[in-house]
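Here are a few friendly notes to read with the structure open beside you. Take them one at a time and find each part on screen as you go.

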Amino acid sequence: MEKLKIVGGTKLRGNVRISGAKNAAVAIIPAVLMVDGVCVIENVPHIKDVLVIADILSDLGAKVKWLQDDVLEIDATTVNNYIATDDKVRSMRASYYLLGALLGRFHMATVRLPGGCNFGERPIDQHIKSFEALRASVNIDYDIVIAKSEKRLKATHIYLDVVSVGATINAMLAACMAEGTTIIENVAKEPHVVDLANFLNTMGASVRGAGTDTIRIRGVEKLHGGTYSIIPDQIEAGTFMIAAAAAGGDVLVENIIPQHMDSLSAKLSESGAIVTEFEDSIRVESNGMLKGVNVKTRPYPGFPTDLQPQMVTLLSAARGKSMVTEGVWESRFQYIEELKRMGADIVIADNRAIIHGVDRLRGATVKATDLRAGACLAIAGIIAEGTTYILDLKHIDRGYQNFEEKLTSLGANVVRIDE
Ligand code: UD1
């Protein structure tokens, strides 16, 4: 069993280069299923979720080849299979994008329900509502979703009842090759929604308005091959910014889009770190003596829920009281029990964590309960006194490329051990 061993108490210094965005890659790779021709995708993060989704495309009959460590070539021209029910589909959340992409290409999709991090209930009613609005019939047989239409999908007007990244992306995928112009309202504005729209447009689609509340898609008959470079990972960047601020030191987080980090930069500054923006990097300087702040997670451009556990960790050793309100997921505080083992003083009341900052966390053996929880425990280990062991690394490996190498290059004392 692999574990991370972290000896705490080090400051972080140096430069760290952020990889391509996981949540963009896991949407763009399924989207390639709709493309007639060869796609070369650059800045692809080499992480488990990407390897799995690329593998699923390969199982469906696409030719998938890594040209370099971060460049993936996919030719899905010859794919003639719309059934993805293998266990791999259940190992990640984003496999539900196969539904939109296969529906777009074949008007048929048979896909197993997805897995991914457990944040309580994760409904897909808005995805299904969008497919049905585009005139597909959708049935769920135990854990298999069967979506189909006799002919090409038909454009429509969709209003999403909740701002959902997944439903926005799935509706975009399915509408891309539908007949006519689809309007999707109350959509998610996350950077990876915009990145998917840019990818689709590069391949010949007509998607307008991504990044605003309304997306308009004029359906095209065909998408063609091309080359596209994925945006940097907002959440990986944020994880390193929070680590630098919490541990103290001076870190330049490189290869990022600073505007994507605005909500986090504002909160780190409010808590006492010095955050300086450059064209494609952000420097975080801190003496590690931060003060408590209140945070509420919301859809973009609000504070990202995927940085909530990391921020709670920082606040658990900041001066004074903080309140963190989770505004996206009903249950995203499971990891707090693990932080408490390390001495954090946190009380959960409904969707709020009330945090009283302690002088020092202390090392313990803890479990990564999900992907970002794993990252937050690594930050906790770095700022704690003593040694921390993190178990269940499979979650971290799903979403962070070379995580411990990057932390070590900044001076953290982190090693992966196999026992
Ligand atoms: C994506 C991200 C995840 C992130 C989340 C919110 C990927 C692979 N995952 O997840 O890391 O935490 O966005 O930024 O990109 N909802 C419904 N009905 C639906 C769909 C969603 O009620 O049909 C609700 C959810 O319960 C949740 C909220 O909408 O409360 C947001 O979920 P959504 O944006 O869809 O999250 P995911 O796309 O699953």
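How many salt bridges are counted between domain 1 and domain 2? Keep that in mind as you read; point 3 has the answer.

1. Start with the layout. This is a predicted model. Its domain assignment gives domain 1 as 2-19 + 232-418, and domain 2 as 22-229. The C-alpha centres of the two domains are 30 Å apart.

2. Next, look at where the domains meet. On the domain 1 side, 23 residues make contact, and they touch 22 residues of domain 2. Together the two domains bury about 1900 Å² between them. Carbon and sulfur atoms account for 53% of that buried area.

3. Now back to the opening question: the count between domain 1 and domain 2 is 1 salt bridge. You can look for a salt bridge between Arg398 and Asp49, whose closest N and O atoms are 3.0 Å apart. Polar contacts are worth a look too: 6 residue pairs are found across the interface of domain 1 and domain 2, with both residues at pLDDT 80 or more.

4. Which helices supply at least two residues each to the side of domain 1 that touches domain 2? They are H11 (371-383) and H12 (394-399).

5. Finally, consider the residue classes. The side of domain 1 that touches domain 2 is made up of 8 charged, 8 polar and 7 nonpolar residues.

Definitions and conventions: Residues are numbered from 1 along each chain as its sequence is written. This is a predicted model: local features need pLDDT of at least 70, side-chain atom pairs count only at pLDDT 80 or more; totals for chains, interfaces and linings use all residues. Side-chain values use heavy atoms; hydrogens and water are left out. Domain bounds come from an automatic or database domain assignment. Contact means heavy atoms within 4.5 Å. Buried area is the accessible area (1.4 Å probe) that two parts lose on being put together, summed over both. A salt bridge is a side-chain nitrogen of Lys or Arg within 4 Å of a carboxyl oxygen of Asp or Glu. A polar contact is a pair of N or O atoms within 3.5 Å; within protein, one must be able to donate a hydrogen and the other to accept it, and residues adjacent in sequence count only if both atoms are side-chain atoms. Helices (H or I, at least four residues) and strands (E, at least two) are DSSP runs, numbered from the N terminus. Ala, Val, Leu, Ile, Met, Phe, Trp, Tyr, Cys and Pro count as nonpolar, Asp, Glu, Lys and Arg as charged, and the others, Gly among them, as polar.
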